[in-house]
Amino acid sequence: MPPLARLIRPTIANINPIRPTRAVWKRTFAMSTGAAETDTQAANAASTSGITVSSLEGTLKEKLAAEHVDIEDMSGGCGQAFTAVIVSQAFEKKNTLARHRLVNSALKTEIAAIHAWTPKCLTPEEWVKKQKEASF
């Protein structure tokens, strides 16, 4: 067979066994991460994860003694993406990274069950200042 024909019509011998195809990578990633491939799978995952806005709020208030917690489900109700404003005295004298690590350690099991988590961590003084700025 001429060399050009081998390039056009690959055989088993021509496929590199070390580099899987894109479809193989996609299936492997989905199986290893538990990522949903369809909307139905996403809805089933959300209904079985048990993560709700109220459960996240309760955990944060309990573990961080948060004075104010405002959580929004950004995923359209399926419970897989959340953004949060958390006000706690525990954030005093901590930089942003340390604050996020504190929140993530408090929500370790919950974060493992959801797709996206975006916290905004403020001290009570910072929260009052933001509220005053927003009122103008």
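## Contacts along the chain

The model is a predicted one, and its chain holds 136 residues, of which 23% are buried.

Ile86 and Glu57 are 29 residues apart along the chain, and their C-alpha atoms are separated by 9.1 Å. Another pair to look up is Ser55 and Glu110: they are 55 residues apart in the chain, with 9.1 Å between their C-alpha atoms.

## Helices and strands

Let's walk through the elements. There are seven helices and three strands, and reading along the sequence gives the pattern α-α-α-α-β-β-α-α-β-α.

## Where two helices meet

Two packed helices are described by the angle between their axes and the distance between the axes. Here, helix α4 covers residues 53–64 and helix α5 covers residues 96–106. The two pack at an angle of about 115°, and their axes lie 10 Å apart. Angles of 65 to 115 degrees count as roughly perpendicular, so that is the description for α4 and α5. Their crossing is right-handed.

Which residues of α4 and α5 meet? From α4 come Thr59, Leu60, Lys63 and Leu64, and from α5 come Leu102, Val103 and Ala106. Sorted by type, the residues of this contact are five nonpolar, one polar and one charged.

Ser55 is also part of helix α4. Its relative accessibility is 27%, so Ser55 counts as partly exposed.

## The nonpolar core

In soluble globular proteins, nonpolar side chains tend to be buried together. In this model, the largest nonpolar core has 17 residues. The members that touch the most other members are Leu56, Leu60, Ile71, Phe82, Ile86, Val103 and Trp117.

Setting aside neighbours within four places in sequence, Ile71 is in contact with Val53, Leu56, Glu57, Leu60, Phe82, Thr83, Ala84 and Trp117.

Is Ile86 buried or exposed? Ile86 sits in strand β2, and its relative accessible area is 0%, so it is buried. Beyond neighbours within four places in sequence, the contacts of Ile86 are Leu60, Ala66, His68, Val69, Phe91, Val103, Trp117, Pro119, Lys120, Cys121 and Leu122. Both Leu60 and Trp117 are listed for Ile71 and again for Ile86.

## Two loop residues with positive phi

Which value of phi does Ala65 have? Phi of Ala65 is positive, about 50°, although Ala65 is not a glycine. Ala65 lies in the loop between α4 and β1. With a relative accessibility of 53%, Ala65 counts as exposed.

Lys93 also has a positive phi, near 60°, and is a residue other than glycine. To find Lys93, look in the loop between β2 and α5. Its relative accessibility is 82%, so Lys93 counts as exposed.

Notes: Residues numbered from 1 in each chain as written. Predicted model: local features only at pLDDT ≥ 70, side-chain atom pairs only at ≥ 80, totals over all residues. Heavy atoms only, no water. Axes fitted to C-alpha atoms, helices over the stretch in contact; angles between N-to-C directions. Helix = DSSP H or I, 4+ residues; strand = E, 2+ residues; numbered from the N terminus. Parallel < 35°, antiparallel > 145°, perpendicular 65-115°, else oblique. Left-handed = near helix turned anticlockwise from the far one by under 90°. Contact = heavy atoms within 4.5 Å. Nonpolar A, V, L, I, M, F, W, Y, C, P; charged D, E, K, R; others polar. Core = buried A, V, L, I, M, F, W, Y, C linked by side-chain atoms within 4.5 Å. Buried < 20%, exposed > 50% of the residue type's maximum accessible area, 1.4 Å probe, protein only.
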